[in-house]
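Subject: Handing over a structure

Dear colleague,

I am passing on the structure we spoke about, and I would be grateful if you could look through it alongside the notes that follow.

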Amino acid sequence: MALRLTCMQMGFPCDGEATGANMTELITAVQRHAIEQHGLTEQQARSPEKIAEWKGAVASSARPQSIRTQRKDA
Ligand SMILES: [Zn+2]
């Protein structure tokens, strides 16, 4: 099953999305899109913090029933 991450989920105001056959491919696609379309530097796109953030967004989108519930981060 292909993985998919929309720009909204990444926090970008854009209708785009990235897809990949696995997490590595997806993150590569996300990095390329963020650099080309959102002006991130290669360094920013490859930072562990960004990658962790994107992986977290993928993980939450992979559980449709849980993203409907309100987050209680505070
Ligand atoms: Zn985008």
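This is a predicted model, and the mean pLDDT of the protein chain is 87, with 82% of its residues reaching 70 or more. Confidence is highest in helix 3 (residues 42–45), at a mean of 97, whereas it is lowest in helix 5 (residues 64–67), where the mean is 53, and I would ask you to keep that in mind as you read.

As for the overall layout, the protein chain contains 5 helices and 2 strands, and from the N terminus on these elements follow the order β-α-β-α-α-α-α. Of the 74 residues in the protein chain, 15% are buried, and among contacts between residues at least 6 apart in sequence, 29% join residues at least 24 apart.

The largest nonpolar core has 10 residues, namely Leu5, Met10, Ala18, Leu26, Ile27, Val30, Ala34, Ala45, Trp54 and Val58. Two or more of these residues come from each of helix 2 (23–38) and helix 4 (48–61), and it is helix 2 that provides the largest share, with 4 residues. In soluble globular proteins, nonpolar side chains tend to be buried together.

An α-helix has 3.6 residues a turn, so residues three or four places apart point the same way. After helix 2 comes Gly39, whose phi is positive, near 70°.

Finally, a word on Glu17, which lies in strand 2 (residues 17–20). Is Glu17 buried or partly exposed? With 15 other C-beta atoms within 10 Å, Glu17 counts as partly exposed. Not counting residues up to four places away in sequence, Glu17 touches Arg4, Leu5, Thr6 and Cys7, and although Glu17 and Arg4 are 13 residues apart along the chain, their C-alpha atoms are separated by 7.0 Å.

With kind regards

Conventions
Residues are numbered from 1 along each chain as its sequence is written. This is a predicted model: local features need pLDDT of at least 70, side-chain atom pairs count only at pLDDT 80 or more; totals for chains, interfaces and linings use all residues. pLDDT is the predictor's confidence in each residue, from 0 to 100. A nonpolar core is a set of buried Ala, Val, Leu, Ile, Met, Phe, Trp, Tyr and Cys residues joined through C-beta atoms within 7 Å. A residue is buried if 20 or more other C-beta atoms lie within 10 Å of its own, exposed if 12 or fewer, and partly exposed in between; C-beta atoms are placed from the backbone. Two residues are in contact if their C-beta atoms, placed from the backbone, lie within 7 Å.
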